[in-house]
Each structure stands twice: as structure tokens, then as C-alpha cells.
Amino acid sequence: MDWKEALVRSKIWLILFSFLILVTFVLSLSTGALPITIKEMLVTFSGAGTAQQELVLYQLRLPRMIIAMLIGAGLALSGAILQGLSRNSLADPGILGINAGAGLAAVFCIYLFSKANSTLFSSPFLLPVFAFIGALIIALLIYSFSWKGGIEPGRLLLMGLGFNALCGALLIILQLKMDPKDFQQATIWLTGSIWGTQWPYVWALLPWIVLLIPISFLKARSMNLLQFSETVPHVLGLKVESERRILLVLSAALAGSCVAVGGGIAFIGLLAPHLARRLCGANFFSLLPLSALIGSFLLLVADMIGKNLLAPADIPVGIVISVIGAPYLIYMLLTRKGVGMNN
């Protein structure tokens, strides 16, 4: 496939997934414990709907769906950056422990709030900061321990799995110190329940995503160069280690802010970039935006399934994604010949 054909193909997929997101958004708005027809939605948005319809649409469904789209895009980009950074298509913030580090920091924030009897630590604007710090610390530790004259994909994956297990153990210890109410809240949150479904959580997450997504897209050239051997980026003037650190911080910031609002949602960062690579190729100029759209689409679909399958009870969206993602991960492992990006 030449570059012109790849460009046309990428544009087609970008348009298609944008359309799929729009259709899924409308379907999700209309379905739930209280079904609302498209006609009723239009009437409500024009200001002539009932109080119940306005409450369901404006206060319950819209913020939840916007958050699902933002989280899907953020986690997908975080995974795509990690895969490009490590040249390993199995890299994912959930598998490598970055989500677990963010979750540990966020649960620690909740724990401090409960001990201090203060609303400060439960602020939706403070949680992403805590989660980002936790994600960044774990990401730096994984990177440092994986470095041995370079980053070897297998070693990076094993280090990530080790730190993931460590954070999981620390999370259990921390939860055992909580009172039952906070323990239950933390447990539900860690399953990926998109627990912050109010507008304050949208405003808390939106600046992170709006700022970090364009920066990620601007790093597409650097990520393309990092796919070559070490000498090529240096010859072309790329400051390799500096770029790697920037990309690592970007990935941690995206994952941390999303985990703070959505909880421990795994596999989006693995599924979306992998599907995007199969559809449009390995050029990060097209792979990054397509990954973001696929991530938003997958999480919107998972959220719609979760809220309708056993309505009025909700299945946490993280569980739905895991049901989809785990078999796909097994399929990837069974069909791989190696650990590089081209397998």
C-alpha cells in the first residue's frame, strides 16, 4: 500500500467511525431504564420536554456519555503512545500497571478524604492530579527498570506486569483500612464503573483531554521516527531520550486523568490502537486520531450495553470491555510470531 492509498483509506475510516460514534450517541441517549424516542429528545432539547425527560437527558445520560467518549479517546491514545514508545503492540496502560498506579493514587486520595472528613480530597478537580502523579511514578519506575542499554519489549511487558501486581496488592491493603462504605465505593470504582457521571467530572476531565490530545497528535512525527533503529532518529535530529520522556509523561497524564473519573477500565488502550493499526497502517499521523475515535466508539458501545443488558441495574463498563478485550488479547498472543509492532 503506497502513502496515497493509505491516506485515502485512513480518511474513510476516520469518517466511518465519526459516523458510528454519532449513531451510537443518539441510540445511547434514547435507551435506558426510561426509554426516550428521538422525537421526544428533540422536543426536550428545544425546551419543551417534561421535567423527568430533562433530568434523564441533561443530568444523567449526557454527562455520562461525554465522559465515556473522553475516557475512551484518552485511554486509546495512552495505549497508542505506549505501543509506539516501546515498539510493542501488547503495551497498554492497564496491562503495564499505569492504570493500577493511577488507581492506587486515586483510592489513596479517597482514603485521605475519609480520614480527614474533608471534601477537599474528594474534589473532581483534585482526583485527576493524584491519579496523574500515581500513573507517572509507576510509568517512570517501569521505564527505569526496563532500561538496559535500550528498551526491550519483553522486559518492558514483564516489568509492567510486576508493577501491576504490586499496585494491586497495595490497593487491597489500602482498601482493608477503609470503612465498609468507602471500601464498597472503591471496589465499584476499580471495576471501571464511570462513577463520575455528573457535570463537575466532565469539566474536571475536559481540560486534560482537550490539552493532551492535540499535543499527542503533534508528536506523531517523533513516534514514527522512534520505530526505526536508534541511529536513524539521531541522524534526523531527534532528541530520542527527551522525546521518550515527554511521550511517557503524555501517556501517564492521559491514563491518570481518565482513571480518576472512569476507574480501572482495561483493554481500551490495547484494543483501539491495535484495531487502528490493522485498518490504516502504522503511520502515527493517521493511527493516533483513528485510535482516539475507535476508543470513544468502543467505550460508548460498552456503556450502552452495560446500562441496558440488565436494566435497571448497571454493569460496570470496565467489565463489558474486559469481556470483549480478554478474548482478543488471547487471540493476539496465539497469533503473534514475536513482540514487535509489525506482528
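Helices are DSSP runs of H or I of at least four residues, numbered from the N terminus. The model described here is predicted, so that local features need pLDDT of at least 70 and side-chain atom pairs count only at pLDDT 80 or more, while totals for chains, interfaces and linings use all residues. Residues are numbered from 1 along each chain as its sequence is written, and side-chain values use heavy atoms, with hydrogens and water left out.

A pocket is an open set of points on a 1 Å grid over the protein atoms alone, where a 1.4 Å probe fits, with protein on both sides within 12 Å along at least five of seven lines, and its lining residues have an atom within 4 Å of a point. The largest pocket holds about 290 Å³ of space, the volume being that filled by probe spheres set on the points. Its lining comprises 15 residues, of which Leu60, Arg61, Arg64, Lys307 and Asp314 lie nearest the centre. Helix H3 (51–86) and helix H13 (284–308) are the elements that each give two or more residues to this lining, and H3 provides the largest share, five residues.

The second largest pocket, with about 240 Å³ of space, is lined by 14 residues, and Gly94, Asn99, Ala100, Asn164 and Gly264 lie nearest its centre.

Helix H12 (residues 268–280) packs against H13 at an angle of about 130 degrees, with the axes 8 Å apart, where axes are lines fitted to C-alpha atoms over the stretch in contact and angles run from 0 to 180 degrees between N-to-C directions. H12 is therefore oblique to H13, as angles under 35 degrees count as roughly parallel, over 145 as roughly antiparallel, 65 to 115 as roughly perpendicular and the rest as oblique.
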